[in-house]
Amino acid sequence: MSADSTTESDGLPTFPDQSRRYGRQFADVYDNFFPMSEASPVVDRLMRLLEDRAPTVVELGAGTGRITVPLADAGCDVIAVDSSPDLLASLRSWTDDPERDRGRIVAVEDDMRTYRGTTERNLALCICATISMVANRDEQLATLRTLRSLVSDNGCVVVETHNPAVVEALSPGGTGSFDFEVHELGVVDARSVLSGDHWHMRWEWGEGAERRAVDEHSLVTTPEQLARLAADADLELLCVEAGWDASQTLDTAPTYVAFFAPRSGSTTLPTHQERPPR
Ligand SMILES: C[S@@+](CC[C@H](N)C(=O)[O-])C[C@H]1O[C@@H](n2cnc3c(N)ncnc32)[C@H](O)[C@@H]1O
């Protein structure tokens with residue numbers, strides 16, 4: 001069974017550098033937990049954001065291409081940056097296959113905290129709580145500065161991360177456990193530990209020698225904290241939405257999505273069809 005082996009401090013493993021280790025743990029099961037087939041609400045929302053602008057996108061922490069691939073299928077040119085060679089190998093199984101690739105994805109192995117590109121894009125993405133996978137606020141700021149460096153003046157930066165209210169609800173008094181069904185893996189036991197703004201999730205499944213464990217550490221981040229950091233990266237908050245489904249609310253949605261624009265730019269935001277901006 002693979003699991004965290006880092007030093008214990010205050011009952012929690014220390015916050016590790018996850019730039020490579022996350023992908024090492026998740027590469028063969030990522031699509032079970034986060035199927036590409038369920039990505040259409042995200043892709044629809046992002047395509048609506050582009051409106052009549054050229055569909056140029058950069059995704060930081062693109063992973064296996066859960067969002068990158070359907071965006072490319074919808075006509076976007078996507079630069080897909082990820083620090084995990086294991087997860088990028090899955091993405092390259094798309095880009096290397098002439099039957100599936102539309103020539104629209106460039107996969108780049110690099111670190112989102114320091115990556116700098118050569119072209120500006122109309123959408124710069126850091127979604128599925130990737131911004132919370134770094135160990136501290138300085139690294140989040142560095143990631144936001146990368147996003148700012150990559151987005152055009154009338155483009156949009158989209159950051160999705162965990163909803164702190166839901167993280168707390170999953171860890172009453174600091175710990176919690178629950179289980180859920182994951183496609184092809186069966187019942188997965190989840191254990192949640194929250195200490196300050198450090199949230200550790202462990203998932204375990206399988207029997208006997210086949211038992212597996214994977215860990216994820218997250219830096220819990222409120223929309224207000226994210227907006228303050230973004231301001232230091234020259235990004236202005238346009239609005240915050242509850243997940244990708246217009247029927248959700250910020251009390252219960254597992255994630256929130258924050259939309260930013262360069263302060264110097266003129267970006268306006270097409271909102272969810274059913275809901276005004278917050
Ligand atoms: C939760 S996954 C999200 C993947 C993808 N965005 C999605 O929506 O399915 C987080 C991704 O961020 C990547 N990642 C973590 N730290 C990173 C870093 N410092 N630089 C670049 N990628 C990183 C991981 O390898 C992983 O692919």
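**Ground rules.** The model is predicted, so I kept local features to pLDDT of at least 70 and side-chain atom pairs to pLDDT 80 or more, while totals for chains, interfaces and linings use all residues. Residues are numbered from 1 along each chain as its sequence is written.

**Overall build.** I found eight helices and 13 strands in the protein; these are DSSP runs (helices H or I, at least four residues; strands E, at least two), numbered from the N terminus. Along the principal axes, the C-alpha atoms fill a box of roughly 55 × 45 × 35 Å. I also looked up burial: 38% of the 278 residues are buried, meaning that 20 or more other C-beta atoms, placed from the backbone, lie within 10 Å of the residue's own.

**Around the ligand.** I noted 22 residues surrounding the ligand, the closest being Gly-61, Gly-63, Arg-66, Ser-84 and Cys-128. A residue belongs here if its C-beta atom, placed from the backbone, lies within 6 Å of the molecule. Which helix gives the most to this shell? Helix H1 (residues 18-26) does, with four residues.

**A closer look at H1.** Its buried residues are Gln-18, Tyr-22, Gly-23, Gln-25 and Phe-26. They sit on the same side of H1, because they cover an arc of only 165° around the axis, taken from the directions from the helix axis to the C-beta atoms. Helix H2 (30-33), helix H5 (85-95) and strand S11 (212-219) are among what covers the buried residues of H1.

Terms used: Buried ≥ 20, exposed ≤ 12 C-beta atoms within 10 Å, placed from the backbone. Contact = placed C-beta atoms within 7 Å.
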